[in-house]
Structures are given as structure tokens and as C-alpha cells.
Amino acid sequence: MPLLILLIGVGAYFTLGTGFWQLRNLGRMFAMTFGRMFGKKTGGGITPFQAMATALASTVGVGNIAGVASAITAGGPGAIFWMWVSSLLGMMTKYAEVLLSVRYRHRERDGMLVGGPMYVIERGMGKRWRWLAVLFCVFGTLASLGVGNITQVNTMADALRGDFSVPPVATGIVVVALAGFVMLGGIKSIAKVAEFLVPFMAGMYTLLCVMVLVICRENIIPALQSIVSEAFHPSAAIGGAAGFGVAQAIRMGVSRGVFSNEAGLGSSPIAHASAECDSPVEQGMWGAVEVFIDTIVMCTLTALAILCSGAYRPGSAVTLDGAPLTSEAFARALGPWGGAAVSVCTTLFALATILGWSFYGERCCAYLFRGKWVTKAYRCVYIFLLLPGAVLRVDLVWRLSDFLNSLMTAPNLVSLIALSGVVFRATRDYDRGRLAPRGARGLKIWQI
């Protein structure tokens, strides 16, 4: 709970400090991002859209399927309202961390742009704070091997075994081969795969959700009403006393929203920093849009599918939770194949997360230990752990990964607060049109 309060507080701080910039410029954000999504890279990096696709590959994951369902089960429909609130504030947190990562990145000898919270801390806060950057990278490397690797392939193996009777060993072997082939090409290869995979899997899942909502269209308005009303007046089935019910709805909605879009975690700015772009502010818009897509769009579609289908039955003797609840919702509306389709989506989401997090862990490891051998060694360890992750029970790894994620968040939030003045100045200058000439390249990509 203290971490959730801090995350929401940082989001509110940047929202108020910029005058609700994400709400005033929502249309502008989409125009500046998706309106230019087919732009080509001109240097050694990747396109802004590829950067966001790589980031979305790690954020749009099983949390969008299982996390939303568990939030509704534990906090009621009102939890979704607080998920919306956390994501609207989280848009500015993600905007700020992406902006700073682009501002303080640097270009390596091979032409690749590298950045992230570790470089923000070292280059923005000063060399004396490098120990904080080291802590972030230690926790980030370990977390990538847990939440980005073992837990994802385990979730994938369980889904395929339950719906298609695929042996977990077979799943592990296939994932090792696919991930290894993609990872050998580094960020450029991962970005190219993410550029195709993320729109495909997001489009597929969105289509399934829309089909459920069309079939259950008469329940859409009541579902939205229950989300808003139970955010402040939960039903007795949620937790008895009204005060406890409201607190539970807020806690579940905020926690699932924050950890779904990873706003404040510091992971996705590592991918955004590799984008060839002219302005940190404009790349920050991609980060804000990323949160909007992940939570406001994808999580809301899941929530409405669950509520409209009748799969959610508060107070029932048999209450489903997590991914099984989402599968039940799709099966009720679409028939038996609906549950199988959810398993396919879960598999694609998990595979995308494995690829996205491999790059985050690789960059953290490269910061700690200089040399190309470090990158190769990390990739070998990352790929090797996929096979046992598919066949073992990883309850402890889930808990350990959540703990490491929390530890990653602390150094990142410290740097965001310490350098908030840079974010505010950059945003004001951008609004006033004081930008560096387009096409400027080099170590200092943009002068604030």
C-alpha cells in the first residue's frame, strides 16, 4: 500500500504540475504518435512506434486477462473505476520517465541509442548517485529473469496444457527456440517482431471482446453503471462493511492498474530511449498513449466482457478468479471455442512479454558489467531458464518477482521527483514551440 500511494502521488504531482496536460492534449497525443507511426528511422536506433510496440509487448500481457479478473473478484466492479483513475495519473508518470530517459540517453559507438532510469540517475542527478542506478539495474536484471521470463512461460504452458493438452516440456522447447532466434538480433530484431506481434495480438483480443459485447450489448450500460456506483458504494458481497469495500475496491483497482501498465516501474523507458526521435516530449507522448491503450482500452474491454457475460457472480458458492474467470466469460458468450481463444491470446501476450523483458534485463546487465560478453551471457541464461520455467511450479518466483519490481520502482521514482523541474520546463517549452531544429542528432539529442 505505501508503494501504491507513492506511485499515485507521483502521477498526481506531474498531472497537477503540468495542468492536467494528458487530458488537455489527449487528441494531440494520438495525432503526434499514431498519426506518424509509419515514420522511418534515420540513425542507428528504432522508430518511435517500434519503441512503443516493444514497451507494449511487456505491458500488454497476462495481467490484462488475469489481473483485471482478479481485481473484479476481490474489489468488485468498482475496482475498474479506480483502475481508470490510476491509469489517467499513470499516463503522466510514464510520460515523465520516458521524457527523461530520452533526454539523458547517449549513443554508443555502434550507433545504438541507450537510456533508461539508470542513465537518468547517473547523467541527470550526478555521478555521486550512481549507486542508486546500480541498485535499479541489479533489481531489474533479477526481475527480468522472474516476472519477464519464468512466470510468463509457466503461464503459457498452463494455458496450452489446459485447453489443448500440450505437454509443458513441448511448450518450453518451442519457446526456447522462438525466443532464442529473436533475441540473437538484439533490440532491432525484438522491435521488428513486436511491431507485428503487438498490433496482431491486441487486435485479435479486441475483436474477441467486441464480439462478446455485441452479443451481450443489453448489459453494457448496467455494467458501466455498476463500475461507477460500486466505486463508492460497493455491494455487501464485496466485503461487508461499506468502508472496507471502498478501500478494497481502491486498493485492487489501483494495484492492478499500476502493475498492468508499469507506469513508474522504469522498465519501458529503456525501450523508448532507443527510438530515433527529435523531441523527448514527443516520445513521452508515446509512453502516455501506451498507458492509455494498455489500461483504458484493453483492461476496460476485459472488464466489460466479464461483467456483461454474467460470468461474475458475487456471493456465489463457486467464484472463479483470474484467467479462469475471463475464460468463462468468453465461453458463455462465444461458446467453448471462446475459452480456447483466450488461451491463445494468453500465449501470445506471454511470448511478447518474454521478448520485451529480455531487452530490459539485457540493458540493465550491460550497465552493470561492460563488454559484449555480458550481453551474450545474459541472453544464454535468459533462454536457458525458459525450459524449467515451463514445467515447474513458480509460486515463489511470482512473489519474489513482485518484490523485485517494487524495489525497481523506488530508484526510478526518486529520479522522477528529483528531476521533475526538467519535465515541467520541457513540457512548457514544447507548448510554446521552443524546440531544437528537427533532425539534430548526437549525444545531446535535444537541449532543454
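1. Arg379 is buried at 15% relative accessibility (buried means under 20% relative accessible area, exposed over 50%, partly exposed in between, with a 1.4 Å probe and protein chains only). Arg379 pairs with Glu362 in a salt bridge, and the closest N and O atoms are 2.9 Å apart (the cut-off is a side-chain nitrogen of Lys or Arg within 4 Å of a carboxyl oxygen of Asp or Glu). Glu362 is buried too, at 6%. Since Arg379 sits in helix 18 and Glu362 in helix 17, the pair ties together parts that are 17 residues apart in sequence. Helices here are DSSP runs (H or I, at least four residues), strands are E runs of at least two, and both are numbered from the N terminus.

2. A word on what you're looking at. This is a predicted model, where local features need pLDDT of at least 70 and side-chain atom pairs count only at pLDDT 80 or more, while totals for chains, interfaces and linings use all residues. Residues are numbered from 1 along each chain as its sequence is written, and side-chain values use heavy atoms, with hydrogens and water left out.

3. Back to the salt bridges: the structure holds nine. Salt bridges with shared partners link Glu122, Lys127 and Arg130 into one network. Within it, the Lys127 and Glu122 side chains meet at 3.0 Å, N to O. Lys127 is exposed at 63%, whereas Glu122 is buried at 12%.

4. Another one to click on is Glu328 with Arg332, at 3.1 Å between the closest N and O atoms. The two are four residues apart in helix 16 (residues 323–334), so about one helical turn separates them. Glu328 is partly exposed at 26%, and Arg332 is partly exposed at 41%.

5. Now the second largest pocket, with a volume of about 720 Å³. On a 1 Å grid over the protein atoms alone, a pocket is an open set of points with protein on both sides within 12 Å along at least five of seven lines; a cavity is a set where a 1.4 Å probe fits but cannot get out; lining residues have an atom within 4 Å of a point. Points are joined across faces, edges and corners, and a volume is the space filled by probe spheres set on them. Of the 24 lining residues, Glu108, Asp110, Arg363, Lys372 and Thr375 are the closest to the pocket's centre. Strand 1 (106–107), helix 10 (186–215), helix 17 (336–368) and helix 18 (372–384) each give two or more residues to the lining. By class, that lining has six nonpolar, seven polar and 11 charged residues (Ala, Val, Leu, Ile, Met, Phe, Trp, Tyr, Cys and Pro count as nonpolar, Asp, Glu, Lys and Arg as charged, and the others, Gly among them, as polar).

6. As for cavities, three reach 30 Å³ or more. The largest holds about 60 Å³ of space, and its lining includes Leu7, Ser86, Val258 and Asn261. Helix 6 gives the largest share of that lining, four residues. The lining has five nonpolar, five polar and no charged residues.

7. Last, have a look at Leu392, in the loop between helix 19 and helix 20 (395–418). Leu392 is partly exposed at 48%.
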